[in-house]
Amino acid sequence: MDFDFPLRKIIHVDMDAFYASVEQHDNPELKGKPIAVGGGSKRGVVSAASYEARKFGVRSAMAGYIAKRNCPELIFVKPRFDRYKEVSQQIRSIFFEYTDLVEPLSLDEAYLDVTENKKGNPSATLIAKEIRAKILEKTGLTASAGVSINKFIAKVASDINKPNGQKTINPEEVISFLENLDIRKFYGVGKVTAEKMYKLGIFSGKDLKEHSLEYLDEHFGKSGRYYYHVVRGIHTSDVKPHRIPKSVGAERTFSENLSSEIFMLEKLENIAAELERRLQKSKISGKTITLKIKYSDFTLQTRSKTLPYFVSNKALILETAKELLYQSALKESVRLLGISLANLNTEKKKVDEKKEEISVQLRFDF
């Protein structure tokens, strides 16, 4: 199939069980054992799980006591975020050996545009193999990779041969790959959306492709257009070396559940102070303040308010957060509170840059 847009060579690199793998590497006694980075107490939460632990159903964001129940032999390790950042920087230095078009998504994954690269290597597949080998040599950790014509397909592909593998979707394979893809594998389709699609008879990319743009808009709102295009291999988002944050936030999990708004005010003040520090450090302000509430039954609720002006100081953030807290009665006792700021002024600072289009033939070396 011919695409009516320039094709690029995009690599998505995703480290394998990153936090847990760092801990197993630094402490050989943990190798081959089921470990979880996080807390194992009743209040604890799993931040990451090794592949040995995942076999027992242990997952990130799972309550520590549930993880322990699923895997009695589970070993909990305290997070060392400074160490994870250090290793992440080592990995990114390898990326920059090949291209300056690197878009980090988190400490353990990133997109790379290697259409034109510093090595002059025409094969993105070979570049991905080299990068994974260098990561293993430098850090002792394994990485997986996906290679294709855009970010969406590359990210989906990176999950296919995990751990310690990679998958290339060549231009001529894109459409058949997407048509045969389980709808749950589409990046951006979560559990709730997948269930909704099932009810509509959409189980694969082929099923999704049979529906019109109008139909998808009607059933999925703004996301409908996204689904309509990606199933056709259309995803023109560039690899952005300097990602502009959409929100900045801070949150706290409490050692004991809080049952009254009065007890939460001091906690909110501390959270607002931390958020102010982060905003000032980044020289960012915003208009939309969101209060995040996680209840003792683990249900999550958010309450938001958009102000007519940009704010970044603690007093104004706290004032709005209090207003949102008292907006309606709490459903249960509260185990976590968070405040985030969105609708940031960074959007006003975007500078339009004229980009040189790269003309690429359909059948170029991947």
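**Ring contacts in a predicted model**

Mentor: This is a predicted model. Start with a charge over a ring: the charged end of Arg54 is placed over the ring of Tyr51, 4.6 Å from the ring's centre.

Trainee: Over which ring does the charged end of Lys119 sit?

Mentor: The distance from the charged end of Lys119 to the ring centre is 5.3 Å. A charge counts here if it is within 6 Å of the ring centre and within 35 degrees of the ring normal. The ring is that of Tyr98.

Trainee: How many aromatic pairs does a search of the whole structure find?

Mentor: Rings pair if their centres lie within 6.5 Å. With the whole structure searched, the number of aromatic pairs is 10.

Trainee: What kind of aromatic pair do Phe81 and Tyr84 form?

Mentor: Their centres are 5.7 Å apart and the angle between the planes is 90°. Planes over 60 degrees apart count as edge-to-face. The Phe81 and Tyr84 pair is therefore edge-to-face.

Trainee: In which helix do Phe81 and Tyr84 both lie?

Mentor: The two residues are three apart, about one turn of the helix. The helix spans residues 81-95 and is H4.

Trainee: Is Tyr84 buried or exposed?

Mentor: Buried means under 20% relative accessible area. Phe81 has 41%, so Phe81 is partly exposed. Tyr84 has 0%, so Tyr84 is buried.

Trainee: Which residues do ring pairs link into a cluster with Phe220?

Mentor: Phe220 and Tyr227 are both buried. Their ring centres are 5.6 Å apart with planes at 90°, so this pair is edge-to-face. Along with Phe220, the cluster holds Phe152, Phe186, Tyr226 and Tyr227.

Methods:
Residues numbered from 1 in each chain as written. Predicted model: local features only at pLDDT ≥ 70, side-chain atom pairs only at ≥ 80, totals over all residues. Heavy atoms only, no water. Phe/Tyr/Trp six-rings, centres within 6.5 Å; stacked < 30°, edge-to-face > 60°. Helix = DSSP H or I, 4+ residues; strand = E, 2+ residues; numbered from the N terminus. Buried < 20%, exposed > 50% of the residue type's maximum accessible area, 1.4 Å probe, protein only.
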